[in-house]
Amino acid sequence: IFNDSSKIDCSATGFDFANNDKFTIEFYVNFDKMPSSDSWGSCMTMFVTYDTASYAEQNAIRFGSSIVNWQYQDNSYFIDASMGYIIPGTWHHFALVRNGNTYMIFVDGKKRAENVNSTTPINYKFCQIGYEYDQAHFNGKLKNLNVSIGIARYLEDFTPVAVPNIYPPQSLGTLVTPDNMTDYTSEDWVITSTGQYSDRYAWKAFDGNSLTWFDGRGSE
């Protein structure tokens, strides 16, 4: 839980982060209040790496009133997305992915921005979460922050992992049973049925025909 003065310092000597051509930063976030503007001192910094205690140069995930962005070298942006997908008081999954020169932002598993930038961010060994020297504090709750170095974990839309009592799984669509499945479809469906190997009726959930069936053990 973060407020106007809290932060986590996770600096480490030789923290090889930005210079890697692939990385993923992801976390679950719940804003108690939203940033008041997109300006430097009024946005909220979630994750920042910087050069020295002076914070003269840095990379950062910064949430503003209208945009969230991945900022580098203190004054430029690799990528930004709309803040319209994020609602205060609600848990969201956020992911920033670098895959070579391609940067992507995902909110709740949906790709909300993609940009190509060939500039290499500078690697800084100091790192903080939830705070920046210009008082750009994050206000809210943070859960399961992961930094994956060398891995572009998401390249297309996905379903974030459910977190009990925090983040529910995404809707899986219309429930389909042998009674209401009438024809082939290109839609995403949930197939449900029960049965034993010998009676085959569970396989009727796919096309209503007990003569076409599949054994999940791989033998048939």
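I count a salt bridge when a side-chain nitrogen of Lys or Arg is within 4 Å of a carboxyl oxygen of Asp or Glu. By this rule I get three salt bridges.

The model is predicted: local features need pLDDT of at least 70, side-chain atom pairs count only at pLDDT 80 or more, and totals for chains, interfaces and linings use all residues. Residues are numbered from 1 along each chain as its sequence is written, and side-chain values use heavy atoms, with hydrogens and water left out.

**Arg153 and Glu26.** I looked up this salt bridge and found the closest N and O atoms 3.6 Å apart. Arg153 sits in the loop between β11 (140-149) and β12 (175-176), and Glu26 in strand β2 (residues 22-31), so the pair ties together parts 127 residues apart in sequence. I take strands as DSSP runs (E, at least two residues), numbered from the N terminus. For accessibility I use relative area: buried is under 20%, exposed over 50%, partly exposed in between (1.4 Å probe, protein chains only). Glu26 is buried at 10%. Arg153 is partly exposed at 40%.

**Asp32 and Lys141.** Here the closest N and O atoms of the salt bridge are 3.2 Å apart. I place Asp32 in the loop between β2 and β3 (44-50) and Lys141 in strand β11, so this pair ties together parts 109 residues apart in sequence. Asp32 is partly exposed at 47%. Lys141 is partly exposed at 30%.

**Lys111 and Glu114.** I read 2.8 Å between the closest N and O atoms of this salt bridge. Lys111 is partly exposed at 31%. Glu114 is partly exposed at 47%.

Definitions and conventions:
Helix = DSSP H or I, 4+ residues; strand = E, 2+ residues; numbered from the N terminus.
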